[in-house]
Amino acid sequence: MKFTATAVLVASISTLATVAGAETLTIQTSFNSGDFSTQYLTENWLPKIEEMTDGRISITLTANGSVVPARETPEAVAAGVLDGDFTSVNYFSGLEPAYAIMGDLISGYDTPEQMLGFCKDGGGEAVMQKAADSITGGEVHVVACGPYSREALPARVPIRTFEDLEGKKIRSPEGLAAAVFQAAGASPVSIPFSEVFGALEKGIVDAADASAYVNNDATGLHDVAPYPLYPGIHSMPSMQFTINKEKWDALSEADRTALRDWWYEAMYAMVAEVSKKDKELAERDAAGERSR
């Protein structure tokens with residue numbers, strides 16, 4: 001009985017110590033709160049980082065623009081306002097030229113897996129780190145990078161040919177995506193992702209470089225823009241996962257490895273799930289089965 005009681009006491013103290021030493025990282029994303037991606041990560045992958053670190057690390061994801069505008073997340077992470085970000089690199093193309101190419105090399109990759117592989121094993125992270133250092137003075141650590149989907153293009157009006165792009169106002173992030181639309185005769189308009197629904201609903205733009213088909217469906221974009229183009233080759237934006245350098249340095253080597261492994265495992269899984277959902281929803285809508 002004494003041994004059992006002692007064992008329970010020791011186990012309890014150990015558990016309390018683990019909880020007390022747990023690190024909760026607040027990570028701002030470039031996803032909207034109602035996105036499928038947000039829900040998928042929250043339900044399926046946030047619990048796994050706690051498992052992979054034995055409870056030492058937990059992550060709280062916040063929506064696009066919830067703390068700072070998406071374009072300002074590098075500075076916010078450097079200053080410690082955010083612990084890190086999980087953001088489309090397109091937002092930073094005006095801050096550093098490398099982000100224009102790393103953010104969205106239009107039609108440069110056939111699948112998200114190709115660029116994820118480049119980031120993970122082909123030197124992509126090093127390129128991203130150099131870009132981050134140039135705008136944050138080395139105060140941000142790039143953990144990982146890569147895309148999770150080929151995006152669709154929700155439109156208020158039919159766009160069935162290349163010529164149909166002429167004169168259309170299209171919401172687009174800065175960088176190569178905007179350049180491609182402009183070269184096609186469209187007028188790119190820079191609007192925060194959180195304002196895309198209102199811009200489409202009010203007719204401020206005719207179409208929007210928004211997100212994956214499943215995300216656009218989940219947030220109701222197809223209700224105000226019922227002519228989506230899918231599959232798209234216009235955009236496959238890369239995300240970055242960063243942590244404040246001081247926070248990163250304070251983590252153990254095991255937890256750093258776990259964070260990087262966790263992110264890539266989550267992204268590869270999300271690529272597969274989003275691709276599956278996109279196809280299912282596109283087929284449903286093509287058959288006229290979408291409820292309004």
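# Cavities, cores and aromatic pairs

Helix H7 (124-136) and strand S8 (239-244) each give at least two residues to the lining of the second largest cavity. H7 contributes the most, with three residues. The model is a predicted one.

That second largest cavity has a volume of about 30 Å³. Its lining consists of Pro74, Tyr99, Ala132, Ile135, Thr136, Val140, Gln240 and Thr242. By class, five of these residues are nonpolar, three are polar and none is charged.

How many cavities of 30 Å³ or more are there? The count is two. The largest cavity holds about 190 Å³ of space. It is lined by 16 residues, and the closest to its centre are Ser88, Tyr91, Glu151, Ala210 and Pro237. This lining has eight nonpolar, five polar and three charged residues.

Now for the nonpolar cores. The largest one has 61 residues. Ile59, Phe86, Tyr148, Phe241, Leu259 and Trp263 have the most contacts inside it. Which helix gives the most to this core? Helix H13 (residues 253-286) does, with eleven residues. Apart from this core lies another, of nine residues, including Ala155, Ile159, Leu165 and Ile170.

Take leucine 259 as an example. Leaving aside neighbours within four places in sequence, leucine 259 is in contact with Leu25, Ile49, Ile57, Ile59, Val143, Phe241, Trp248 and Leu251.

Aromatic rings come next. The structure holds ten aromatic pairs. Two of them are set out here.

| Pair | Centre to centre | Angle between planes | Type |
|---|---|---|---|
| Tyrosine 213 and tyrosine 230 | 5.4 Å | 70° | edge-to-face |
| Phenylalanine 241 and tryptophan 262 | 5.9 Å | 65° | edge-to-face |

What does the pair of tyrosine 213 and tyrosine 230 tie together? Tyrosine 213 sits in helix H10 (residues 213-218), while tyrosine 230 is in the loop between helix H11 (221-224) and S8, so the pair joins parts that are 17 residues apart in sequence. Tyrosine 213 counts as buried because its relative accessibility is 3%, under the 20% cut-off. Tyrosine 230 has 31% relative accessibility, so it counts as partly exposed.

The other pair also links distant parts of the chain. Phenylalanine 241 lies in strand S8 and tryptophan 262 in helix H13, 21 residues apart. Is phenylalanine 241 buried or exposed? Phenylalanine 241 is buried, with a relative accessible area of 1%. Tryptophan 262 counts as buried too, at 1% relative accessibility.

Phenylalanine 241 and tryptophan 262 also belong to one aromatic cluster, together with Phe31, Phe86, Tyr148, Trp263 and Tyr264.

Technical notes:
Residues numbered from 1 in each chain as written. Predicted model: local features only at pLDDT ≥ 70, side-chain atom pairs only at ≥ 80, totals over all residues. Heavy atoms only, no water. 1 Å grid on protein atoms, 1.4 Å probe; cavity = no way out; pocket = protein on both sides within 12 Å on 5 of 7 lines; lining within 4 Å. Points joined across faces, edges and corners; volume = space filled by probe spheres on them. Nonpolar A, V, L, I, M, F, W, Y, C, P; charged D, E, K, R; others polar. Helix = DSSP H or I, 4+ residues; strand = E, 2+ residues; numbered from the N terminus. Core = buried A, V, L, I, M, F, W, Y, C linked by side-chain atoms within 4.5 Å. Buried < 20%, exposed > 50% of the residue type's maximum accessible area, 1.4 Å probe, protein only. Contact = heavy atoms within 4.5 Å. Phe/Tyr/Trp six-rings, centres within 6.5 Å; stacked < 30°, edge-to-face > 60°.
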